Amino acid sequence: MAEEVVLGFLKDHDGINDSGEFAATLGVDHNELVNVIKSLHGFRIVDAQDIKKEKWVLTDEGKSYTVAGSPEMQLFQAIPPEGISREELQVLLFFCLLCFSSISKCILCTDMPSSTILSLQLELVYISGLLKRVDPSVYKIGCSQAMKNKWVEMGKLLVSRKVQHVGDRVKDVLLKISDGKEVGAEDIDSLKKRKLIALQTWKGYSLRKGPNYVVKRMKALTDLTREQLQRGDWKDLEFKDYNFNARGQPTEGGHLHPLLKVRAQFREIFLEMGFEEMPTNNYVESSFWNFDALFQPQQHPARDSHDTFFLQVPSTTKSLPEDYVDRVKQIHESGGYGSKGYEYEWKREEANKNLLRTHTTAVSSRILYLLAQKPFTPKRYFSIDRVFRNEAVDRTHLAEFHQIEGIICDRGLTLGDLIGVLNEFFSRLGMSKLRFKPAYNPYTEPSMEIFSYHEGFKKWVEVGNSGMFRPEMLLPMGLPEDVRAIAWGLSLERPTMILYGIDNIRDLFGHKVDLGLIKTNPICRLGIQ
Ligand code: PHE
C-alpha cells in the first residue's frame, strides 16, 4: 500500500522532502515506510538521501512529571497554609497505598481532611514498614527545587509556603516538548541538567524519482511457465536476472567422516607400497594373542584392568593352538633360543581371559603365527582399525581409537630397513623430516619412537612407535631363524586432527560430534604439515 502511494505521489510531485512527515500524513508507521523506500532505492526506482534530525524526548522521569506534576509542585501542594512538619510532609509525598499516585494527588485522599489522611497514611506506612521502602526522591528533589524557586521556607520545626500561588513551569515545558513544540534554550538547558529530557537522533529519507522510476512496480518473476508461453504474455513480463554467483542448494547425501577419509588415504599409501590388509574384524580378543604371544609378561601393568577392558561374558576364549601355547609358556617361564625368558610361573587362566583388544598388534601376532605355519614367503601387512583402552577421557584421549599398523616380514631385515621404510611411508604423507628415539615395547627390540618436524607448529611431534619384533615372539611361532619382522604403529585420530584443524578429540569422535562438521568438511586434505 505504502509503495503505491509513494510512487503515485512522485508521479505528480518533484519529490518527498521528509519521510517522517510523509508517514505522518499517510498515517503509516515510519519504519514500514523506510522499508519500502530502501527496497525501491535498491532497484533505483527512487533515489533516496539520508536525513538526520535531532529532537528532544522525555526521559522516564520527565514523563512521570507530566502526569504527577514536578516534585517541587507536588511538594508545594502538599504544604497546608498553616505549615507542616518535615516528617509529615515526607509521608504526604509518598505514594498512596490504594491508588499508587502521590498522596496529595489521590482522589480519595484529597477529598479527606488532611489531618485524616495523615493519620491514616502514617499508620499504614508504619504498619507495613513501607517508610523504609518508599523512594524519597520526590521529597528531596521537591525541597531543593522549591527552595531554589523561593516557594517554601524550611524552618526548624515547620515547612511553610512563602508564596500563595505558583505555576508548574517544568510540567508545562515537558508537555510542550512531548507534543513536539518549540521551547526556549534556557528551559532545554535546565531540563537537560535535571535529566528530564534527552537528545534523540531521528533518521529518515528525502526522495525523488530514480532512473528506473515506474508508477507501478512489476514483481520480477523467477520462472517461465507453460501458461505464459501459451498466452504469449511472457514477452511483456519482467524476469529476475540469473545470479551466477549464488550458491547452489546444498546437496543431500551421505558424508564421509574425516576419520574415514584419512583412513582411505593411509590405505592407499599402504596398497601402493605393496602391503596386504589384515583381517581386523574382531574387537574381542584373548589375552593370549593380545599379550602373551607378544612376549608381554603376565604381571605387565598394561594387563591390569585399569588399562584394559576385560569381558565378563564370555570371560574366556574357546580355543588356542595348544602346541604353540606350550611354546609361549616356555619362553615366558624359562626362555629358549638364547633367551632367559622372564623366569616366572606362566598361568593359562590369565592367557584365556577375553578382552577388548588394546592394540592391533594382536591381529599382527595372529597373522605372523599363520604365516609361520606355511613354507616361508616374505610379506607386507597393514591394518587400520579400532582398539580400546581403559583411559580417562580428556581432550586428546578417548577410551577407544583407531590404530594404523604396518609390518614387513622377510629374511635378514635390519633396523636400517625399518628406518628406510618409515621414511618412505611418512614422506608419502608429506612428513619428510623424521627423527627416531630409542623406546621400549615388550615385543620389539630395538624399539623407536618416531618424531616428525611440524612446519606449522615449528616443533618435533611424536607420530608413531616402531621396532623389530623380538625373537622370543617370532621363533615360538615357528618362523625360520633368519626371518625378521619390522613394524610400526600410529593412531589415525592424531593425523586426522592435525589435517582437519580439530584440537579436541571429542569433536572428532563420539556422541558430542557436531554433524555439521561431518557434512561440511573438505573432501580430502593434502599433506599433514
Ligand atoms: N602396538 C604399539 C602401540 O600400541 C605400536 C607398535 C606396533 C609398536 C608395532 C611397535 C611395533 O603403541
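How many aromatic pairs does a search of the whole structure find? The search finds 21. Please keep in mind that this is a predicted model.

1. Start with Phe288 and Tyr324, an edge-to-face aromatic pair with 5.5 Å centre to centre and 85° between the planes. Phe288 belongs to helix 15 (residues 287–290) and Tyr324 to helix 16 (residues 322–333), so the pair links distant parts of the chain, 36 residues apart. Both Phe288 and Tyr324 are buried.

2. Tyr453 and Trp460 also pair edge-to-face, at 5.4 Å centre to centre and 65° between the planes. Tyr453 counts as buried because its relative accessibility is 17%, under the 20% cut-off. Trp460, at 29%, is partly exposed.

3. One aromatic cluster is formed by Phe266, Phe270, Phe275, Phe382, Phe425, Phe426 and Trp488. Phe266 also takes part in the contact of helix 14 with helix 21.

4. Now for those two helices. The axes of helix 14 (residues 258–272) and helix 21 (residues 493–500) come within 10 Å and cross at roughly 110°, which means they are roughly perpendicular. Helix 14 contributes residues including Pro258, Leu259 and Val262, while Pro495, Leu499 and Tyr500 are among those from helix 21. By class, this contact has 7 nonpolar, 2 polar and 2 charged residues.

5. Finally, have a look at Gln403 in strand 11 (residues 400–411). Gln403 counts as buried, with 12% relative accessibility. The Gln403 side chain reaches the backbone nitrogen of Thr360 at 2.8 Å. Beyond its neighbours within four places in sequence, Gln403 is in contact with residues including His359, Asp385, Arg389 and Leu490.

Notes
Residues numbered from 1 in each chain as written. Predicted model: local features only at pLDDT ≥ 70, side-chain atom pairs only at ≥ 80, totals over all residues. Heavy atoms only, no water. Axes fitted to C-alpha atoms, helices over the stretch in contact; angles between N-to-C directions. Helix = DSSP H or I, 4+ residues; strand = E, 2+ residues; numbered from the N terminus. Parallel < 35°, antiparallel > 145°, perpendicular 65-115°, else oblique. Contact = heavy atoms within 4.5 Å. Nonpolar A, V, L, I, M, F, W, Y, C, P; charged D, E, K, R; others polar. Buried < 20%, exposed > 50% of the residue type's maximum accessible area, 1.4 Å probe, protein only. Polar contact = N/O pair within 3.5 Å; in protein donor to acceptor, adjacent residues only side chain to side chain. Phe/Tyr/Trp six-rings, centres within 6.5 Å; stacked < 30°, edge-to-face > 60°.
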